[in-house]
Amino acid sequence: MRVEELGIEGVFTFTPQTFADERGVFGTAYQEDVFVAALGRPLFPVAQVSTTRSRRGVVRGVHFTAMPGSMAKYVYCARGRAMDFAVDIRPGSPTFGRAEPVELSAESMVGMYLPVGMGHLFVSLEDDTTLVYLMSAGYVPDKERAVHPLDPELALPIPADLDLVMSERDRVAPTLREARDQGILPDYAACLAAEPAGVRT
């Protein structure tokens, strides 16, 4: 499995070797010893596993969870293809406002780790694209927040050939600057302190 730390500290991709034959394809989306070698600890104890299925052009995000109680995530694609973005929305971070795009697909089986407080967005590139999220904390509706996915300051490289489909929540979400002025973004130092230590299985 190949590991890469992206341009935002703490955001990693994990690319497995896959094995294809006449039956189909086998690969491993998560491997603890590789994760430990990269991050110095195992993955967090999984509190929730969620799945989204989206048609082509669907945009979900930029989503994050308010502190305290923000979560770390490990995301992979079980079907189809998606352009996935880690977005650093943590005031105080040296890469505040930076986004890292990664294509996730069922074919590549690439997984992405997002630390506590990281903004997350994906856009579905095919019908029936299915993403799976392993999360360090459970979903609490009144703590969920969003930044507008088309914020020109973020300038996310969302493919231009898509007819975008967004929820009302995302269409009316504040820009990154507005969210910062409102004081709703997760503080960088607090996020680092809340990063789960993980436990060995």
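I call a residue buried under 20% relative accessible area, exposed over 50% and partly exposed in between, with a 1.4 Å probe and protein chains only. Helices (H or I, at least four residues) and strands (E, at least two) are DSSP runs, numbered from the N terminus.

Ground rules: this is a predicted model, where local features need pLDDT of at least 70 and side-chain atom pairs count only at pLDDT 80 or more, while totals for chains, interfaces and linings use all residues. Residues are numbered from 1 along each chain as its sequence is written, and side-chain values use heavy atoms, with hydrogens and water left out.

**Helix H1.** I looked up which residues of H1 (residues 32-39) are buried and got Val34, Phe35 and Val36. Counting contact as heavy atoms within 4.5 Å, I found that their cover includes strands E1 (2-5), E2 (12-15), E7 and E10 (111-114).

**Strand E12.** Next I checked E12 (residues 129-135), and seven of its seven residues are buried. In a regular strand the side chains alternate between the two faces of the sheet. Here Thr129, Leu131, Tyr133 and Met135 point one way, and Thr130, Val132 and Leu134 the other, all of them buried.

Who pairs with E12? I took two strands as paired if DSSP finds at least two bridges between them. E5 (residues 48-54) runs antiparallel to E12 with seven bridges, and E7 (residues 73-79) is also antiparallel to E12, with six. Val132 is the bridge partner of Thr51 and of Tyr76 as well.

**Pocket.** On a 1 Å grid over the protein atoms alone, a cavity is a set of points where a 1.4 Å probe fits but cannot get out; a pocket is an open set with protein on both sides within 12 Å along at least five of seven lines, and lining residues have an atom within 4 Å of a point. Points join across faces, edges and corners, and a volume is the space filled by probe spheres set on them.

The largest pocket comes to about 440 Å³. I noted 21 lining residues, with Thr52, Arg60, His63, Tyr133 and Arg169 nearest its centre. E5 gives the most to this lining, four residues.

**Cavity.** I found one cavity of 30 Å³ or more, and the largest cavity holds about 50 Å³. Its lining includes His63, Phe64 and Thr65, and E6 supplies the largest share, three residues.
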